[in-house]
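These are my notebook entries on one model. I looked up ring pairs, helix packing, residue surroundings and backbone geometry.

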Amino acid sequence: MEKLLIQGGVKLFGEVNVSGAKNAALPILCASLLTSETVRIDNLPHLHDVTTMLTLLGHIGVDVELDEKMGVLLCAKNVSCLQAPYDLVRTMRASVLVLGPLVARFGKAKVSLPGGCAIGQRPVDQHIKGLEAMGARVEIDQGYLCVSAEQLVGAEIVFDLVTVTGTENLMLAATLADGVTTLRNAAMEPEVLDLAKCLTAMGAKITGAGTETIRIEGVQSLNGFDHAVMFDRIEAGTYMAAVAATGGELLIKGVDANIINSITTKLAGAGAVIKHEGDDLLLTVSRRLSPIDIKTAPYPGFPTDMQAQFMALDTMADGTSTISETIFENRFMHVQELKRLGAKIQTQGNIAIIQGVSSLAGAEVMATDLRASAGLIIAGLIASGETAVGRIYHLDRGYERIEEKFGRLGAKIKRVTN
Ligand code: EPZ
């Protein structure tokens with residue numbers, strides 16, 4: 001089992017190269033199923049989840065190859081198996097994103113129900129409700145979603161709650177439906193907009209992506225595309241939170257300031273100095289930060305995927321802060337691990353009260369989910385002595401070469417196998 005060993009107490013200085021966004025790459029990879037033509041995707045992050053999705057697409061019959069510039073070429077001309085098996089889906093819930101495109105283009109799909117995960121039950125009822133509204137028959141058989149439809153038809157769909165992959169799955173399905181589909185109370189995340197840009201390049205007729213109402217006019221067929229995945233705003237935010245915690249200076253190139261505004265506003269409000277020049281961002285922190293209160297919300301609110309990282313930041317802030325997690329019902333599992341390092345945190349339901357302390361002491365801690373792992377690394381970077389973070393397979397799902405990127409900023413961090 002691998003772990004990361006971190007010697008904390010070191011300020012970080014330097015530039016980090018942010019990878020392509022995992023949560024944009026995954027739905028865009030599934031868009032390849034909508035056409036028999038070859039598609040090319042650039043700036044794919046080298047992550048376990050991306051590998052899992054490529055494995056799943058290969059299982060379905062998509063030809064997958066890398067070109068000389070590390071772009072991925074995909075061709076779904078000879079799709080043979082309209083199934084997403086349990087052993088793949090259980091390791092990555094986003095596998096459910098093959099459902100919409102498979103039903104839209106081939107008229108049926110059998111996808112294992114994604115189980116719950118550490119942060120919550122994460123049902124897919126909104127995905128199912130939308131497909132049924134578009135005329136699909138949906139049955140659950142031995143843990144599999146069996147979906148069929150001779151031809152999906154356009155529908156008016158109002159989501160009961162904002163769901164990112166629910167919006168993406170139904171947008172994918174609607175591109176080949178007969179008629180117009182309107183998605184209301186849709187997710188406005190930038191990754192949804194990146195997918196819509198990709199689908200539009202394929203010939204899909206989509207308006208309103210990035211707003212709460214998306215209109216998709218179905219077409220007969222779609223062409224190939226060549227798309228570069230947008231930057232990973234959560235990875236960028238994670239490194240910003242780390243340098244804000246340790247003190248120092250961080251340069252990130254190729255970031256859209258508007259997209260990370262909810263993160264930078266919080267950091268600036270706590271005392272970080274943030275400068276934007278074009279799409280370059282420079283963050284400088286030279287003093288102990290003030291406490292940062294957070295309430296997670298769908299975009300453009302504060303992202304739930306940044307909650308654990310900011311909790312780590314708050315453990316040594318100059319005062320008491322409150323974090324309210326409104327998206328997932330069980331996303332405080334990093335609290336117990338942070339308390340092992342000496343953090344003072346009380347939780348009441350989905351509210352955490354963090355009393356800033358003057359120091360943390362390194363200890364052995366265990367990652368429980370992807371973003372909690374990132375929070376524990378940040379805590380390890382500010383704790384005195386050595387922190388050992390175990391179960392870092394969670395981390396490798398969403399962060400590319402994290403110890404290398406932190407090492408380049410001066411962090412004393414190494415991966416060991418015990
Ligand atoms: C996406 O997950 C992201 N994953 C998550 O990132 C992110 O935390 C989440 O959106 C919220 O921003 C990908 O994009 C691959 P949701 P998703 O559907 O789509 C409930 C990471 O760390 N819900 O927006 O699965 C659900 O239980 C991951 O990169 C239903 O009740 O999240 C949750 O409480 C973690 N029924 C809320 O909605 C449904 O049919 C938001 O979930 C769908 C969702």
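This is a predicted model: local features need pLDDT of at least 70, side-chain atom pairs count only at pLDDT 80 or more; totals for chains, interfaces and linings use all residues.

Residues are numbered from 1 along each chain as its sequence is written, and side-chain values use heavy atoms, with hydrogens and water left out.

Tyr239 belongs to helix α8 (residues 233-246) and Phe406 to helix α14 (residues 402-408), so the pair ties together parts that are 167 residues apart in sequence. Helices (H or I, at least four residues) and strands (E, at least two) are DSSP runs, numbered from the N terminus. Tyr239 is buried at a relative accessible area of 0%, and Phe406 is buried at 1%. Phe302 and Phe310 form an edge-to-face pair, with 4.9 Å from centre to centre and 80° between the planes.

I also looked for a charge over a ring (NZ of Lys or CZ of Arg within 6 Å of the ring centre and within 35 degrees of the ring normal). The charged end of Lys110 sits over the ring of Tyr144, 5.1 Å from the ring centre.

What angle do helices α4 and α6 make where they pack? I read about 15° for α4 (residues 99-106) against α6 (residues 164-174), with the axes 7 Å apart. Axes are lines fitted to C-alpha atoms, for helices over the stretch in contact, and angles run from 0 to 180 degrees between N-to-C directions. α4 and α6 are therefore roughly parallel; that label covers angles under 35 degrees, with over 145 roughly antiparallel, 65 to 115 roughly perpendicular and the rest oblique. On the α4 side the contact (heavy atoms within 4.5 Å) is made by Leu99, Gly100, Pro101 and Ala104, and on the α6 side by Asn169, Leu172 and Ala173.

I next took α6 with helix α7 (residues 190-201): their axes come within 10 Å and cross at roughly 10°. This makes α6 roughly parallel to α7. Val164, Thr167, Glu168, Met171 and Leu172 of α6 meet Glu191, Val192, Leu195, Ala196 and Leu199 of α7.

For helix α9 (residues 261-269) I listed the buried residues as Ser262, Ile263, Thr264 and Leu267. Their cover includes α8, β16 (273-277), β17 (280-285) and α10 (307-314).

Arg184 lies in strand β11 (residues 180-184) and is partly exposed, at a relative accessible area of 35%. Its C-alpha is 6.1 Å from that of Ile157, 27 residues away along the chain. Asn185 is in the loop between β11 and α7 and is partly exposed at 27%. Asn185 and Phe159 are 26 residues apart in sequence and 5.5 Å apart, C-alpha to C-alpha.

Thr238, in helix α8, counts as buried at 1% relative accessibility. Setting aside neighbours within four places in sequence, I found Thr238 in contact with Met306, Gln309, Ala374, Ile378 and Tyr399.

Tyr299 and Pro300 are joined by a cis peptide bond, with omega about 10°. Pro300 is in the loop between β18 (294-295) and α10.

Asn43 has a positive phi, near 60°; Asn43 is in the loop between β3 (38-42) and α2 (48-60) and is partly exposed at 36%. Gln142 has a positive phi near 50° and is in the loop between β8 (137-141) and β9 (144-148). Gln142 counts as exposed, at 75% relative accessibility. Gly271, which follows α9, has a positive phi near 120°.

Conventions
Buried means under 20% relative accessible area, exposed over 50%, partly exposed in between (1.4 Å probe, protein chains only). Rings of Phe, Tyr and Trp (its six-membered ring) pair if their centres lie within 6.5 Å; planes under 30 degrees apart count as stacked, over 60 as edge-to-face and the rest as tilted.
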